[in-house]
Amino acid sequence: MLQKDSKNKMKNPRILFCGSTIESLHCLEKLNQKFDVQGVLTKPASRKTRRGEKTKNEIHQFADANNIPVFTAKNKSDVDINLPEIKSLDFDLCIVVSFGVIMSMDFINLFKNGCWNIHFSRLPANKGPAPVERSLLNNENHFGYSIFQLDKGCDTGATLYVSEPMEFNWKVSVSQIRMQIIEAATEKLIEIIESGKNIELTPQVGVSSHAGFLSKEDFQILASDDFNGMLSKIRLEKAWFLIDGVMVKIISIKDIIMNEVAVDSPYVNNRGEIFVENQTIVLDEIVPQSKSLVKAKTWFGNKKDKSLI
């Protein structure tokens with residue numbers, strides 16, 4: 001339940017924001033424009049510069065620039081170490097977006113108005129860390145998001161809101177899908193907070209599934225893949241295939257062309273075009289193993305047609 005003042009309008013909640021990704025940053029920026037974000041919990045600095053110095057992530061940098069206190073944690077134990085100080089700041093509401101840590105109930109219970117998570121699927125489908133990625137690999141074109149109250153499980157809490165299905169065409173990559181989802185979810189989140197209405201929590205209903213982390217092998221394009229399977233892997237932005245024992249990473253594609261005649265088995269021609277079924281995937285930029293970024297047409301120009309393995 002959201003706290004209200006005597007005029008039945010929701011008070012400006014003191015918010016602790018938890019997140020560590022570029023999608024998290026979008027949500028944090030919008031929330032900070034509207035409300036009183038008084039603290040940020042994010043992952044500690046890990047990326048190193050050429051000098052070997054660790055750099056703070058985008059969330060940490062934004063908080064510093066806006067004079068927002070920052071707590072860092074890489075796991076549940078680290079979060080709990082910060083509990084006394086977080087409790088002393090008397091937060092009303094906690095918002096979690098792509099933080100990657102299952103919180104303890106001691107943490108969750110600190111917040112008067114709740115501890116809400118934005119998840120990139122229509123729960124209970126695709127619980128876990130990679131819902132959009134798994135949807136693409138499964139050749140699904142129905143995406144969405146859920147706003148739910150955290151509990152002790154992994155994405156098992158009762159929901160405040162579950163979106164309608166969102167559809168994207170083949171040109172929209174995984175990072176673009178995630179950004180469009182967080183834009184819509186953030187807008188809905190702000191609407192919920194601003195409404196000042198009592199929040200009704202609804203137990204999750206439907207078939208539950210889990211979207212675990214992807215491995216390198218999940219991104220490999222194989223001769224056994226059909227056209228939709230190949231295209232889904234390419235949209236994951238980490239697709240790769242083997243040609244003469246050389247690993248080739250796909251950076252971008254130019255076009256998809258439908259052919260009158262289907263091929264018996266997938267192959268790549270000397271223009272950097274993948275033929276599969278009755279479709280041609282026209283590659284644009286690639287990174288061959290141990291090489292720099294290059295146009296696919298240039299790299300494949302002196303090669304014969306090669307079958308995918």
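How much space lies in the largest pocket? In this predicted model, for which local features need pLDDT of at least 70, side-chain atom pairs count only at pLDDT 80 or more and totals for linings use all residues, the largest pocket holds about 660 Å³. Residues are numbered from 1 along each chain, and side-chain values use heavy atoms, with hydrogens and water left out. A pocket is an open set of points on a 1 Å grid where a 1.4 Å probe fits, with protein on both sides within 12 Å along at least five of seven lines, and its lining residues have an atom within 4 Å of a point; the volume is the space filled by probe spheres set on the points.

The lining of the largest pocket comprises 27 residues, with Ser-98, Phe-99, Gly-100, Gly-128 and Pro-129 nearest the centre. Two or more lining residues come from each of β7 (115-119) and α6 (131-137), and β7 supplies the largest share, 3 residues.

The second largest pocket, with about 270 Å³ of space, is lined by residues including Glu-23, Arg-178, Phe-219 and Lys-238. Helix α7 (residues 174-195; helices being DSSP runs of H or I, at least four residues) gives the most to this lining, with 3 residues.

Lys-233, in helix α8 (residues 227-235), counts as buried because its relative accessibility is 8%, buried meaning under 20% with a 1.4 Å probe. The Lys-233 side chain reaches the backbone oxygen of Gln-220 at 2.5 Å.

Notes
Buried < 20%, exposed > 50% of the residue type's maximum accessible area, 1.4 Å probe, protein only. Polar contact = N/O pair within 3.5 Å; in protein donor to acceptor, adjacent residues only side chain to side chain.
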